[in-house]
2 protein chains.
Amino acid sequence: MATRIHNFSISLDGFGSGEPQSFETPFGHAGQRLHAWMMATRMWDPVHGSAGMDDAFAQQHDPGIGAEIMGAHKFGPPGWQDDPDWRGWWGEEPPFRTPVFVLTHHAREPLAVGATTFHFLTATPQEALRLATEAAGGQDVRIGGGATVVRDFVAAGLVDHIHLVQVPIVLGRGTQLWDGLEGLEASYDVEVTASPSGVTHLVFSRKPSVTS
Amino acid sequence: MATRIHNFSISLDGFGSGEPQSFETPFGHAGQRLHAWMMATRMWDPVHGSAGMDDAFAQQHDPGIGAEIMGAHKFGPPGWQDDPDWRGWWGEEPPFRTPVFVLTHHAREPLAVGATTFHFLTATPQEALRLATEAAGGQDVRIGGGATVVRDFVAAGLVDHIHLVQVPIVLGRGTQLWDGLEGLEASYDVEVTASPSGVTHLVFSRKPSVTS
């Protein structure tokens, strides 16, 4: 069983979202620019989307995943913790269809929406991964973001595969992915593929552990 | 006549050099990792270097260039301004072979070394570019770095072509290229090419000016 990150978009300067984040602008001043590449794929739009390289990468997001871990900023806009009626961004059939563990300092009861159940917890990355792995029923766990959560789990050495998508824009401000990840290349093989669409796919595969 | 940047290497997290910079470690903890790709090309080693994509990009560095502008950090290690005998890193035949304008707050007399003459000046990017353009005799001007100088000239809207080389390492600290360049993509077309060597070439070509 592996821990994986997929389709995590960043700007050239490493921001996973812009600012300020709000209900109206979930990605701040980035708008939809970080994710336009994905919306243009068959994964997002099965009829009109493209079936090329970007789609091939994007389609890896779901198969074999048994649970997701996400940060509080992904589940809702700032302040959602104070709104007992907030049920996430995704309407009545969220696309996860697995247990989802939302890292938040505000505990609440599990919330079932469609085929997805959201669990809210305060936990270290290690504890959250242990719970998600149990819930995944032998399948892999996806770290769903945002940037802070990706960073924390990667820094803790818990992620086997990381797929980043670098979008050719300079955001200047927002949530930075690379902070605290100095020397990441020591633990991963890196493969970079430039897509004809203009984005660049960076795939980090964890090197086999060296036992001393 | 155009203003160009070539072979400017950065880490995934946007650092053009590591820290601390010294006589022994001109690129700080980055060592030679940011430039190993270039040292492996025919441009650097005409006999044993590779002649592939990296070389094709690297070879654009010199042809058609009539002058270079560089920052104080490129000319010497911290403190070189206090050493009247410092003549640059490059021995008795520096590879520039054109006038080179070194931006520094410590004026000194021009220094001829081999076929290169170094001029030392305190100037705005606009003023430095005007002087370098005059000295270039109808050829192009190269902005030679480091990151601070690249950033300042790009932010001032003075650069027509930018060639960056992203090396798949995370430096974590050093001199950051992207600071202050928010929205750069509005002024440039961006082409990204992943090299089989593992580095990624990013080329920014300034869009034609829109006159209102």
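Mentor: Helices (H or I, at least four residues) and strands (E, at least two) are DSSP runs, numbered from the N terminus. The model is predicted: local features need pLDDT of at least 70, side-chain atom pairs count only at pLDDT 80 or more, and totals for chains, interfaces and linings use all residues. Residues are numbered from 1 along each chain as its sequence is written, chains are lettered from A and ligands numbered from 1 in the order in which they are written, and side-chain values use heavy atoms, with hydrogens and water left out.

Trainee: In what order do the 9 strands of chain A form their sheet?

Mentor: Two strands pair if DSSP finds at least two bridges between them. In chain A the order is E5-E6-E4-E3-E7-E1-E8-E11-E10, an open sheet with mixed pairing. E5 (111–113) and E10 (188–194) of chain A each have a single partner strand and stand at the edges, so one side of each lacks a neighbour in the sheet. From one strand to the next the twist averages 20° (axes are lines fitted to C-alpha atoms, for helices over the stretch in contact; angles run from 0 to 180 degrees between N-to-C directions).

Trainee: Which strands of chain A does helix H5 touch?

Mentor: Contact means heavy atoms within 4.5 Å. H5(A), residues 147–155, packs on the sheet and touches E1, E3, E4, E7, E8 and E10 of chain A, its direction making about 130° with that of E1(A). Its buried residues (under 20% relative accessible area; exposed is over 50%, partly exposed in between; 1.4 Å probe, protein chains only) are A:Ala147, A:Val149, A:Val150, A:Arg151, A:Phe153 and A:Val154. After H5(A) comes A:Gly157, with a positive phi near 75°.

Trainee: Which residues of helix H4 in chain B are buried?

Mentor: An α-helix has 3.6 residues a turn, so residues three or four places apart point the same way. In H4(B), residues 125–135, the buried ones are B:Ala128, B:Leu129 and B:Ala132. Down the axis of H4(B) they fall within an arc of 100°, so they line one face of the helix (the arc is that of the directions from the helix axis to the C-beta atoms). Their cover includes E1, E3, E4, E7 and H5 of chain B. Just after H4(B), B:Gly137 takes a positive phi of about 55°.

Trainee: Which residues touch the most other members of the largest nonpolar core?

Mentor: Such a core is a set of buried Ala, Val, Leu, Ile, Met, Phe, Trp, Tyr and Cys residues joined through side-chain atoms within 4.5 Å. The largest has 68 residues, and those touching the most other members are Ile69, Phe153 and Trp178 of chain A and B:Ile69, B:Phe153 and B:Trp178. Beyond four places in sequence, the contacts of A:Ile69 include A:Phe101, A:Ala128, A:Leu129, A:Ala132 and A:Phe153.

Trainee: What rotation superposes chain A on chain B?

Mentor: Two copies of a chain are related by a rotation about an axis and a shift along it. Here the rotation is 180° and the shift 0.0 Å, with an RMSD of 0.0 Å. That is the relation of a two-fold axis (copies are superposed by least squares on the C-alpha atoms of residues with pLDDT of at least 70 in both). In chain A, the residue closest to the rotation axis is A:Ala194, at 2.7 Å (C-alpha). The same surface serves both copies, as 100% of the contact residues of chain A recur in chain B.
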